[in-house]
Amino acid sequence: HNMNYRPMAGKREKRRVNAALLAVALLCIFSNFVADRHNFRNLLWKIEIERHAAMEDGKPVMHTFFHRIDPEVTTKNTGMSDEADNAMLAAWRQAWEDAGWVTRVLTLDDAAKHVNFHYFNSTLREFQYGRKFREYDVLCFLRWLALAMSDGGWACDYDVFPLNPVNGGAKVLPNDGMFTAYEKIPRGAAVPSFVSATKEEYNRISHELVKNAATHQGKEEFWTDFFSLIDLHIIDPDSYFIEDAVIPGKYVLTGQHFTLEDCERLTSGKMGVHFAHDAISNGVTREGETVHDRAKIGLNFLQMWKERCNDEPFTPAALLPPEPVIVTASEPSDTDTSEAGEQPPLEDVEQPPLEDIEQPPLEDIEQPPLED
């Protein structure tokens with residue numbers, strides 16, 4: 001027995017050593033890959049996450065979030081009456097269902113199903129800025145928990161109406177299901193008025209937004225989920241995608257019927273139009289129309305747009321072919337200094353650090369209200 005045992009024990013030991021060496025090698029490879037967080041996230045999305053949007057009866061689902069703020073309990077801060085809110089929700093449903101979508105309104109009850117709801121709700125109300133968080137501000141953060149408890153997919157504010165369809169259909173989410181915001185604004189940021197993501201991504205972004213807001217306590221007069229979204233992208237441009245696919249309503253309310261040139265210039269390739277409060281104050285409307293009339297204004301615009309503009313589908317930037325590089329040969333001239341000396345590569349040219357480049361303060365960027 002001893003004679004047979006020793007060779008078997010040696011083989012087992014050799015197998016353990018080989019397995020350990022293999023594990024170390026795999027760990028090194030994996031560590032190098034994980035070091036690039038963007039690659040790592042892409043790997044997880046492609047392997048584990050279902051990238052299809054929520055569907056119902058073969059149609060894509062468009063979500064919105066709404067929770068009535070009782071003005072007898074707390075300040076409403078939205079500039080909208082209950083009647084105007086109900087009209088907006090009805091117009092939103094009509095517009096999206098006419099465009100071939102199923103609509104679903106998420107509420108605070110959906111957010112309350114999330115395991116972290118009570119922690120978020122209590123923590124957000126304790127945040128200290130120059131101005132205390134209002135009920136509306138808290139709801140703007142909690143809406144992301146409601147989306148995390150949905151089946152994922154598409155979502156927009158109730159004042160965003162549909163324009164052109166998604167190229168190839170809305171069943172498969174753009175950018176591998178990573179959180180994507182579609183109303184691009186200057187400074188490489190986006191308004192979260194129209195978004196798409198898997199439910200896992202909505203869960204991730206909900207936590208990232210609250211963590212970011214916590215770091216600005218005591219430093220800012222006020223803060224919002226919109227400001228956190230901007231800040232996240234400044235800190236890490238790979239934290240989410242931004243597409244230019246929603247046009248602010250103030251640009252389409254021109255007071256004139258669209259020409260084909262207007263269609264091409266303003267709405268070609270746009271998925272939606274956002275009739276935020278500033279669309280009424282900065283756009284051209286009929287005499288006497290106010291933010292309370294946005295439902296009627298939005299539906300009237302859509303009717304005119306459908307009659308005058310052809311569909312120009314939206315294509316995510318990630319799917320667009322790269323611009324061709326045109327190389328032209330030129331004759332050497334007397335002033336050609338290419339032989340005078342080697343030019344340093346671009347990466348060797350010192351660039352000023354980003355923090356030295358003046359940026360406009362966040363409070364100068366208008367926060368389009370996400371209606372309560």
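Q: What makes E56, R104 and D151 a network of salt bridges?
A: A salt bridge is counted where a side-chain nitrogen of Lys or Arg lies within 4 Å of a carboxyl oxygen of Asp or Glu. In this predicted model, the closest N and O atoms of E56 and R104 are 2.9 Å apart, and the side chains of D151 and R104 meet at 4.0 Å, N to O. R104 takes part in both pairs, and the three residues are accordingly linked in a network.

Q: On what basis are the values computed, and which residues count?
A: The model is predicted, and local features need pLDDT of at least 70 while side-chain atom pairs count only at pLDDT 80 or more, whereas totals for chains, interfaces and linings use all residues. Residues are numbered from 1 along each chain as its sequence is written, and side-chain values use heavy atoms, with hydrogens and water left out.

Q: How do you know whether E56, R104 and D151 are buried, partly exposed or exposed?
A: Buried means under 20% relative accessible area, exposed means over 50%, and partly exposed lies in between, with a 1.4 Å probe and protein chains only. E56 at 32% and R104 at 24% therefore count as partly exposed, whereas D151 at 52% is exposed.

Q: What makes D157 and R143 a salt bridge, and are these residues buried or exposed?
A: Their closest N and O atoms are 3.3 Å apart, and the pair forms a salt bridge. D157 lies in the loop between β4 and β5 (160-162) and R143 in helix α6, so parts 14 residues apart in sequence are tied together. Both D157 and R143 are buried.

Q: Why are the buried residues of α10 said to line one face?
A: Helix α10 (residues 260-267) has D262, C263, L266 and T267 as its buried residues. Seen down the axis of α10, they fall within an arc of 100 degrees, so they line one face of the helix; the arc is that of the directions from the helix axis to the C-beta atoms. The face turned away from this side carries the exposed residues L260, E261, E264 and R265.

Q: What do the buried residues of α10 pack against?
A: They pack against β9 (246-248), α9 (249-252) and α12 (294-308), where contact means heavy atoms within 4.5 Å.

Q: What makes β5 and β9 edge strands?
A: The open sheet of 3 strands has the order β5-β10-β9, with mixed pairing, and the edge strands β5 and β9 each pair on one side only. Two strands pair if DSSP finds at least two bridges between them; 3 bridges join β5 to strand β10 (residues 272-274), and these two run antiparallel.

Methods
Helix = DSSP H or I, 4+ residues; strand = E, 2+ residues; numbered from the N terminus.
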